[in-house]
Amino acid sequence: EARENYLKAISLDKNSFALWNQLVLTLTDLKKYDELLKITTEAIDLFPTQPVFFLFNGIANIQGKKYQEAVDILNRGVKLVVDNNSMLELFYSNLGDAYYQMGKIADSDACYDKTIEINPQNAYVLNNYGYYLSLRKQNLEKAEQMSKKANEIEPDNSAFQDTYGWILYGLGRFE
């Protein structure tokens with residue numbers, strides 16, 4: 001219902017940033033990524049200096065497996081972020097994911113490193129980055145530290161526990 005009401009409200013007032021923002025959040029909650037892509041593309045045209053629409057457009061592209069498009073729009077949007085580390089963290093973590101899916105490992109690692117620099121408590125990035133390092137059998141000690149920290153932050157997350165076990169296995173710590 002909220003989606004429908006926001007769409008009606010926007011049809012009456014296309015220039016309300018707040019309405020577009022709420023619609024984007026609603027579509028994200030509903031996991032309607034095709035519609036999110038369409039709406040954020042329109043919102044970027046209306047509000048070209050608002051990084052939030054670039055972020056969610058990038059997320060929609062990632063969900064649609066359009067990784068180059070995601071990287072392009074996220075790199076445009078990250079330049080618009082001013083004094084908002086939480087938003088920078090989201091941009092860089094999504095860029096890391098998109099670059100990884102494209103096989104651009106150095107770029108992916110650099111984005112994950114930036115994310116962790118901004119927020120050393122980002123359990124999602126700590127886990128995924130550690131896992132990706134372990135798959136490549138690179139920097140396993142760093143991977144272990146990141147995975148251990150992710151598990152300390154979210155101790156009951158089975159995916160994080162699985163990653164930690166996999167890294168320990170890779171290190172030969174079978175116990």
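A residue is called buried when its relative accessible area is under 20%, exposed when that area is over 50%, and partly exposed in between (1.4 Å probe, protein chains only). This is a predicted model, in which local features need pLDDT of at least 70 and side-chain atom pairs count only at pLDDT 80 or more, while totals for chains, interfaces and linings use all residues. Residues are numbered from 1 along each chain as its sequence is written, and side-chain values use heavy atoms, with hydrogens and water left out.

**View 1. The protein chain as a whole, with 10 helices and 0 strands.** Helices (H or I, at least four residues) and strands (E, at least two) are DSSP runs, numbered from the N terminus. The C-alpha trace spans about 65 × 30 × 30 Å along its principal axes, and of the 175 residues in the protein chain, 46% are buried. The accessible surface, computed by the Shrake-Rupley method with a 1.4 Å probe, comes to about 9600 Å², and carbon and sulfur atoms account for 50% of this surface.

View 2. Rings of Phe, Tyr and Trp (its six-membered ring) pair if their centres lie within 6.5 Å, and a pair counts as stacked with planes under 30 degrees apart, as edge-to-face over 60, and otherwise as tilted. The count by this rule is 9 aromatic pairs. One of them joins W166 and Y169 in a stacked arrangement, at 5.9 Å centre to centre and with 20 degrees between the planes. Both residues belong to helix α10 (residues 158–170), where they are 3 residues apart, about one turn of the helix. W166 is partly exposed, because its relative accessible area is 36%.

**View 3. Y169 and its edge-to-face partner F174.** Y169 counts as exposed because its relative accessible area is 52%. Y169 also pairs with F174, at 5.4 Å centre to centre and with 65 degrees between the planes, and F174 is likewise exposed.

**View 4. A cluster of tyrosines linked by ring pairs.** The members joined in this way are Y100, Y112, Y129, Y131 and Y132.

View 5. N57 is classed as buried because its relative accessible area is 5%. Contact here means heavy atoms within 4.5 Å. Apart from its neighbours within four places in sequence, N57 is in contact with L37, T40, T41, I44 and I73.
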